[in-house]
Amino acid sequence: MTHTPIAGLRAPPTTYAALDGAEPLAVTDLLRAENIVKTFGPVTALNGVSLRLRRGEILGILGDNGAGKSTLMKILTGYQPQSSGKLYIDGAETALRSVDHARALGIECVYQDLALANSLSVYHNIFLNREILYPGFHILNNRAMRREAIRCLEEIGVYIPSVDAEVGALSGGQRQAIAIARAVHARARILLLDEPLAAMGAREAALIIDLILRLKAEGNMSIIMIMHNYAQTLDIADRIMLMQRGQVTYESDARSTSVPELMTIVRREYQHFQTHKESA
Ligand SMILES: Nc1ncnc2c1ncn2[C@@H]1O[C@H](COP(=O)(O)OP(=O)(O)OP(=O)(O)O)[C@@H](O)[C@H]1O
Ligand SMILES: [Mg+2]
């Protein structure tokens, strides 16, 4: 079996140095963001967002359009830097320099627009930017990539009729599954999914939910997923966070809240904001 080593992949540390002394060290916090602010010129997309992702948990992020969810994801994956605020990975303060830097630390993102190459085969997509080459040559080792892609898809239980198929010819659900397979193959420890179920039929959504729950059950992965459907999020996530206008307005264990409660919070926030606006 060929395993391509991922350069710089850091194993989870077994001991932690004190961060701030006051708090008992949260060994389970894989990722922590503190007071993240992001501005684009006059627009404040994130206005002091903090979050924690524990080992092996699924955190669901809900919120209005334009609330800052994708902006937060892009910061957590090194795609763009925060204007201020701190990120801690494995308890160590980390300034993510790039997407590649985040990847080397085991953070992978599946964006909503997927970033798959539609004209390439399934197996080329799984190895996109991480191609296996013949040692000493700049020639693709297609045979090894094909074999490894089949193994990887089998291992995570994704059925694709042929790894030779062009990705553009597959369904949205299958493409999403391949994007996740690619992240899994890269040995992601932290997987960020931006609206993985958007525009998906019930059957395709079920396929992705199943895959996400299986990855969680294996215990090696922590997942942040941005979602729109409240009920679905409460079903899948361990914890949920509600974002509105660049802030976290509510956070809860998924089991301790409900769709009606979340709807009430959203409505109340909205009314409060409207009243505030009118009186200003
Ligand atoms: N590159 C950018 N330049 C300027 N403004 C931006 C940029 N990226 C995001 N914004 C602004 O930041 C705010 C948050 O956008 P973001 O895409 O994070 O929202 P979102 O919560 O993901 O929304 P949606 O649910 O619609 O995907 C919006 O007002 C958006 O216009
Ligand atoms: Mg978004």
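These are my notebook entries on a predicted model of a protein chain.

**Entry 1: the whole chain**

I started with the overall counts. The chain has eight helices and ten strands. I then looked up burial: 36% of the 280 residues count as buried. Next I checked how far along the sequence the contacts reach. Taking contacts between residues at least 6 apart in sequence, I found that 70% join residues at least 24 apart.

**Entry 2: helix H4**

I picked H4, which runs over residues 142–155 and has 14 residues. From first C-alpha to last it reaches 20 Å, close to the 20 Å expected at 1.5 Å a residue.

Which residues of H4 are buried? I noted Met145, Glu148, Ala149 and Leu153. Looking down the axis of H4, I see these buried residues fall within an arc of 135°, so they line one face of the helix. On the other side of H4 I found Arg143, Glu154 and Glu155, which are exposed.

What covers the buried residues of H4? The cover includes helix H3 (122–126) and helix H5 (172–185). I also looked at what comes after the helix: H4 is followed by Gly157, with a positive phi near 75°.

**Entry 3: helix H6**

Then I turned to H6, residues 202–218, with 17 residues. Its span from first C-alpha to last is 24 Å, close to the 24 Å expected at 1.5 Å a residue.

The buried residues I listed in H6 are Leu207, Ile208, Leu211, Ile212 and Leu215. Why do I put them on the same side of H6? Because they cover an arc of only 125° around the axis. Ala202, Arg203 and Ala217 are exposed on the other side of H6.

I checked the neighbours too. The buried residues of H6 pack against H5, strand S8 (222–226) and helix H7 (230–236).

**Entry 4: how H5 and H6 meet**

H5 turned up among the partners of H6, and I looked at that pair. Two packed helices are described by the angle between their axes and the distance between the axes. The axes of H5 and H6 come within 8 Å and cross at roughly 15°. Angles under 35 degrees count as roughly parallel, so H5 is roughly parallel to H6. The crossing of the two is right-handed.

Which residues make the meeting? From H5 I wrote down Gly172, Gly173, Gln176, Ala177, Ile180 and Val184. From H6 they meet Glu204, Leu207, Ile208, Leu211 and Leu215. Leu207, Ile208, Leu211 and Leu215 were already in my notes as buried.

Most residues other than glycine have a negative phi. I looked up two that go the other way.

The phi of Asp90 is near 55°, a positive value in a residue other than glycine. I found Asp90 in the loop between strand S4 (84–89) and strand S5 (92–93). Is Asp90 buried or partly exposed? It has 19 other C-beta atoms within 10 Å, and buried needs 20 or more, so I wrote down partly exposed.

Glu195 has a positive phi of about 55° and is not a glycine either. Its place is the loop between strand S7 (190–194) and H6. With 21 other C-beta atoms within 10 Å, Glu195 is buried.

**Entry 5: Ala102**

I found Ala102 in helix H2 (residues 99–104). I counted it as buried because 24 other C-beta atoms lie within 10 Å. What does Ala102 touch, leaving out residues up to four places away in sequence? My list is Thr77, Gly78, Leu96 and Ile107. I also looked up its distance to Ile75, 27 residues apart along the chain: their C-alpha atoms are separated by 9.9 Å.

**Entry 6: Arg245**

My last stop was Arg245, in the loop between strand S9 (239–244) and strand S10 (247–253). It is partly exposed, with 17 other C-beta atoms within 10 Å. Where does Ala67 lie relative to Arg245? The two are 178 residues apart in sequence, and I noted 4.5 Å in space, C-alpha to C-alpha.

Technical notes:
Residues are numbered from 1 along each chain as its sequence is written. Chains are lettered from A and ligands numbered from 1 in the order in which they are written. This is a predicted model: local features need pLDDT of at least 70, side-chain atom pairs count only at pLDDT 80 or more; totals for chains, interfaces and linings use all residues. Helices (H or I, at least four residues) and strands (E, at least two) are DSSP runs, numbered from the N terminus. The expected span of a helix is 1.5 Å times one less than its number of residues. A residue is buried if 20 or more other C-beta atoms lie within 10 Å of its own, exposed if 12 or fewer, and partly exposed in between; C-beta atoms are placed from the backbone. The arc is that of the directions from the helix axis to the C-beta atoms. Two residues are in contact if their C-beta atoms, placed from the backbone, lie within 7 Å. Axes are lines fitted to C-alpha atoms, for helices over the stretch in contact, and angles run from 0 to 180 degrees between N-to-C directions. Angles under 35 degrees count as roughly parallel, over 145 as roughly antiparallel, 65 to 115 as roughly perpendicular and the rest as oblique. A crossing is left-handed if the near helix is turned anticlockwise from the far one by less than a right angle, and right-handed if clockwise.
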